[in-house]
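Notebook open, structure loaded. I'm jotting down what I look up as I go.

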Amino acid sequence: MMSTLPLEHVDERLDEAAEIAGPWQTVVWNDPVNLMSYVTHVFREYFGYSRERAHALMLAVHHDGHAVVAEGAREQMELHAQAMHDYGLWATVRAATS
Amino acid sequence: MSGAAIGLLPIEAAQLAELITQFIELLADADTRADPALARLVPDAYRDDPAAAREFRRLTEADLLGRRVADAQAMRESLASVASRATDAGSSRRPVRLELDAAQSGAWMRTLAALRLVLASRLGIDDEDDHDDDPRFGVYDWLGYRLELLVQALDRD
């Protein structure tokens, strides 16, 4: 379902994220309850990710058991984790090397 | 993503309001360590660092639970308008149209998702195919259906 992703739709925020990338990550973990459509919607709404990127992240969570949804300063990653908890998603913060 | 219009039967609104009342009561005597359903709503933010997880919880848990209550109350308020309008219209069998703004939509989504998490914990759902004959599974699936419809309505723009 990602086969028609045109290059020009690659989210500009990816570049922003790369610039501010720090040593910490927000990780979202798979759970058997949250709907795939809901998780995708949350990634779009909260992080402002494109539909394609949000969908790819949701699939990564679903198939790999977890996915890194943001990288940067620790305080910012903790704010993201709090926001994910508000949505009922299971999120943690970790050092990027672990 | 500005908001969403949804249709809701009065009986659905009544059931949602009942579930939300129970949910608010649950949050009120919150012992997040003793109740796995509540624990799921405020998970550890650090997997391998208990001290950091404790500190994060100390700083954020009360606020998070407070936002849960505020969301649930906001949803209950919009449900109350369904009940009154259904009475005015004299029909309980037709869906009532409800316009949710962005803030209300957010409150609905987060509360529907939280209600499912609580029910899943009570039902012991550990994987996606975990269903048995407990009638609460019907409620669980229905909440998922309502959430799915809301997400679709919000994603339409």
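Started with the interface: 18 residues of chain A are in contact with 28 residues of chain B (contact: C-beta atoms, placed from the backbone, within 7 Å). I looked up which elements of chain A give two or more residues to that side, and got α2 (36-47), α4 (74-86) and β3 (90-95). Helices here are DSSP runs of H or I with at least four residues, strands are E runs of at least two, and both are numbered from the N terminus. α4(A) gives the largest share, five residues. By class I get eight nonpolar, seven polar and three charged (nonpolar: Ala, Val, Leu, Ile, Met, Phe, Trp, Tyr, Cys and Pro; charged: Asp, Glu, Lys and Arg; polar: the others, Gly among them).

Housekeeping: this is a predicted model, where local features need pLDDT of at least 70 and side-chain atom pairs count only at pLDDT 80 or more, while totals for chains, interfaces and linings use all residues. Residues are numbered from 1 along each chain as its sequence is written, with chains lettered from A and ligands numbered from 1 in the order in which they are written.

Next, chain B. I find five helices and two strands, in the order β-α-α-α-β-α-α along the sequence. Its C-alpha atoms fill a box of roughly 55 × 35 × 30 Å along the principal axes. For contacts in chain B with a separation of 6 or more, 74% come from residues 24 or more positions apart.

Terms used
Contact = placed C-beta atoms within 7 Å.
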